[in-house]
Amino acid sequence: MGYKNIIEKLWETYTTQNPSVQKIYDLFVSHGEEVINDHIAFRTFDDGRINIDALSKVFRENGYIEKGQYNFEKKKLFAKHFEHGEDEKAPRIFISQLLTSEFSVYLQNMVKQSIDKIPEELFGSGGLIYSGNLWGQPSFEIYNKLKEESEYAAWLYVYGFCANHFTVSINHLSNFRNIGEVNTLLKDKGFALNDSGGEIKGTPEQLLEQSSIKAEPVNIDFSEGRKEIPGCYYEFAKRYQGNDGMIFSGFLADSADKIFESTNFYEK
Ligand code: NI
C-alpha cells in the first residue's frame, strides 16, 4: 500500500473520531481552498517493536527520507521528521517517542504490558500506524495515573496508533495570508485555540509559525464507564524562506513542545 492510501486511512479515522477537524476542513473548502497538509504527527513509545524506526518503516519504504531530529528534555521525548523525496505536496511525517526509561517503574511496566498484547504479526507491518489501541479497553484509573507523570503517555495509552494531528499548510491557502487570519477565522467559528506559550508559536524570523486548536473532548468507553477526554487536534503552519532562499522545512523544538500540550486534559 502506497503512502497516499495510508494517509487516506489515517484521515478517515481522524475525522470520524474528531468531528471538529472535519468542520474546520469543510470551512476552508467553503472558502474555496484546497487544503494541503504541512505535516502529520504520530506518537509512540521507545520500545524497539513500535518505536520511531519501526513506525517510520512504511513511509521509508514508500519514498520518505529522514530529515531532522529533535529532543524535548522536559517532556522526555525524542522525535524525527521525514520528507518525501519526490512529491512536493506529500506531507512531512513527524514521529515522536516517549523515553520510557526516564519515568517510573509503574509507567514502564504499563507500557511494556500494553505492547506485549499487540499481535506479533503487526510489528513491522505497514498497517501498524493506523491500527489504534491494540491493548484492549483502557482503564480510567490507569489513564489518570499515567497522566500524573506524562499527558503524552496517558493520551497514547488510550488511543494507540493513529494520527495525533494533521496540519494545514497556510502557505498553500489562497485567501488567508497569515496565521493571524486563520486564528481569527477559527475563533469566530467558536474553536478554542491552544494558548500555551501564546496562540502563535514561533516567529517569521524563526521561519515557522504554528497554531493549533485544543483537542476536542471525545467519549471513551473505559472499563469504569464512559468518560470524556481530549482526542486529537488540528494544527496550522506557515513557513518562511531562509537566507539560503529555501523555505524552512524543519521544526522548532520550543514550539513543538507547547503544541504537544494541545491534548492536555481540561475541564470544558
Ligand atoms: Ni505538528
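Q: Which residues are the protein donors of the nickel ion?
A: This is a predicted model: local features need pLDDT of at least 70, side-chain atom pairs count only at pLDDT 80 or more, and totals for chains, interfaces and linings use all residues. Residues are numbered from 1 along each chain as its sequence is written, and side-chain values use heavy atoms, without hydrogens and water. Donors are N, O and S atoms within 2.8 Å of the metal (3.2 Å for Na, K and Ca); water is not among the atoms, so sites may look incomplete. Lying 2.1 Å from the nickel ion are NE2 of H39, NE2 of H165 and OE of E235.

Q: Are H39 and E235 buried or exposed?
A: The scale is relative accessible area (1.4 Å probe, protein chains only): under 20% is buried, over 50% exposed, in between partly exposed. On that scale H39 and E235 are both buried.

Q: Which residues that line the largest cavity are the closest to its centre?
A: A cavity is a set of points on a 1 Å grid over the protein atoms alone where a 1.4 Å probe fits but cannot get out; a pocket is an open set with protein on both sides within 12 Å along at least five of seven lines, and lining residues have an atom within 4 Å of a point. Grid points join across faces, edges and corners, and volume is the space filled by probe spheres set on them. The largest cavity has about 110 Å³. Of its 15 lining residues, the closest to the centre are A41, F94, H165, Y233 and F260.

Q: Which element gives the most to the lining of the largest cavity?
A: β1 (37–45), β4 (92–98), β9 (233–239) and α8 (253–259) each supply at least two residues. With four residues, the top contributor is β1.

Q: Which helix gives the largest share of the lining of the second largest cavity?
A: This cavity holds about 30 Å³. F45, M110, V111, S114, W135, L146 and Y157 line it. Three of the lining residues, the largest share, come from helix α4.

Q: How many charged residues line the largest pocket?
A: The largest pocket has about 640 Å³ of space. Nearest its centre, among 26 lining residues, are E83, E88, R92, I247 and S249. Asp, Glu, Lys and Arg count as charged; Ala, Val, Leu, Ile, Met, Phe, Trp, Tyr, Cys and Pro as nonpolar; the others, Gly among them, as polar. The lining has eight nonpolar residues, nine polar, and charged ones numbering nine.

Q: At what angle between the planes do Y234 and F236 pair?
A: Rings of Phe, Tyr and Trp (its six-membered ring) pair if their centres lie within 6.5 Å; planes under 30 degrees apart are stacked, over 60 edge-to-face and the rest tilted. Ring pairs link W11, Y14, Y25, F28, F166, F176, Y234 and F236 into a cluster. Y234 and F236 are tilted, 5.5 Å centre to centre, with their planes at 50°.

Q: Over which ring does the charged end of R43 sit?
A: A charge sits over a ring if NZ of Lys or CZ of Arg is within 6 Å of the ring centre and within 35 degrees of the ring normal. K145 lies over the face of Y106, at 4.2 Å from the ring centre. For R43, at 4.9 Å from the centre, the ring is that of W155.
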